[in-house]
Amino acid sequence: MKPSGLNVLVIDENRIRAAIIEEGLREAGYEKVAVIDVMHGLARRIADLNPDVIVIDLENPNRDMLESMFQLSRAVKRPIAMFVDRSDEASIEAAVEAGVSAYIVDGLKQERVRPILKMAISRFNAFSRLNRELEETRGELENRKVIDRAKGLLMRSRGLSEEDAYALLRRTAMNQNRKIVEIAQSLVTASSLLDPGGTQ
């Protein structure tokens, strides 16, 4: 996406510095720039503005300010480039854990803005993709466990082989126009209701 198409939000309590950053972003080709210089109600205002990327500039952040910004980062699920003048190892680690896409020490310089924002967006997208894949894999594993438990129930109660138990689950799912995992979950749930100690 071209810089001119991105909605950029600048968060900086220092109004003069925020105006300088805004001007720098516009000169770098970012046309849609909004500025928030009051920290009260920040999450709601971010939701209202719905930016594509957030630039946070903190001159000398204290521990509480950093922690509140890291909480914000976890909540808004947007690429965030955070600029600080000074930092320590613990703050950098906390920023990474919070999902800050770019954590830049030594302040914000105009010539670095564009590549840093591009990198922040790329990192955020890659991280989001990995998270999605991880959730899908977890879901597939959970589904497999449920199906295996249902097969085990059918094998015990009806004397079926594993292959026949799976075929019965599949046939039932097709007949009811449902997913195999839904049939398996129904069977496991029914079994636990009928015999609470028997499905473990």
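Trainee: What is the mean pLDDT of the protein chain?
Mentor: The mean is 82, and 90% of the residues reach 70 or more. pLDDT is the predictor's confidence in each residue, from 0 to 100.

Trainee: Where is confidence lowest, and where highest?
Mentor: Lowest in helix H3, residues 63–76, at a mean of 74. Highest in helix H6, residues 162–176, at 94.

Trainee: Why does a low value matter?
Mentor: Where pLDDT is low, the predicted coordinates should not be read in detail.

Trainee: OK, the fold. How many helices and strands are there?
Mentor: Seven helices and five strands. Both are DSSP runs numbered from the N terminus: helices are H or I with at least four residues, strands are E with at least two.

Trainee: In what order do the elements run?
Mentor: From the N terminus on, β-α-β-α-β-α-β-α-β-α-α-α.

Trainee: How much of the chain is buried?
Mentor: Buried residues make up 36% of the 200. Buried means under 20% relative accessible area, exposed means over 50%, and partly exposed is in between (1.4 Å probe, protein chains only).

Trainee: Start with strand E1. Is leucine 9 buried or exposed?
Mentor: Buried, with a relative accessible area of 1%. Leucine 9 sits in E1, residues 7–11.

Trainee: What does leucine 9 touch?
Mentor: Skipping residues up to four places away in sequence, its contacts include Val35, Ile46, Leu49, Val53 and Val55. Contact means heavy atoms within 4.5 Å. Leucine 9 and valine 35 are 26 residues apart in sequence, yet 5.8 Å apart C-alpha to C-alpha.

Trainee: What about isoleucine 80, buried or exposed?
Mentor: Buried, at 0% relative accessibility. Isoleucine 80 lies in strand E4, residues 80–84.

Trainee: Which residues does isoleucine 80 touch?
Mentor: Leaving out residues up to four places away in sequence, they are Ile54, Ile56, Ser73, Val100, Ser101, Ala102 and Ala120.

Trainee: Now tyrosine 103. Where is it found?
Mentor: In strand E5, residues 102–105. Tyrosine 103 also counts as buried, at 16% relative accessibility. Beyond its neighbours within four places in sequence, its contacts include Leu66, Phe70, Met82 and Val84.

Trainee: And phenylalanine 127, how accessible is that?
Mentor: Partly exposed, at 48% relative accessibility. Phenylalanine 127 is in helix H5, residues 110–158. Its C-alpha lies 10.0 Å from that of proline 79, 48 residues away along the chain.

Trainee: Switching to backbone angles. What is phi of asparagine 50?
Mentor: Near 50°, a positive value in a residue other than glycine. Asparagine 50 is in the loop between helix H2 (42–49) and strand E3 (53–58). Asparagine 50 is partly exposed, at 43%.

Trainee: And phi of asparagine 177?
Mentor: Near 55°, again positive in a residue other than glycine. Asparagine 177 lies in the loop between H6 and helix H7 (180–194). Asparagine 177 counts as exposed, at 72% relative accessibility.

Trainee: Last topic, charges. How far apart are the mean positions of the positive and negative ones?
Mentor: 6 Å, for 30 positive and 31 negative charges. Lys and Arg count as positive, Asp and Glu as negative; His and the chain ends are not counted. Each charge is placed at NZ of Lys, CZ of Arg, CG of Asp or CD of Glu.

Key
Residues are numbered from 1 along each chain as its sequence is written. This is a predicted model: local features need pLDDT of at least 70, side-chain atom pairs count only at pLDDT 80 or more; totals for chains, interfaces and linings use all residues. Side-chain values use heavy atoms; hydrogens and water are left out.
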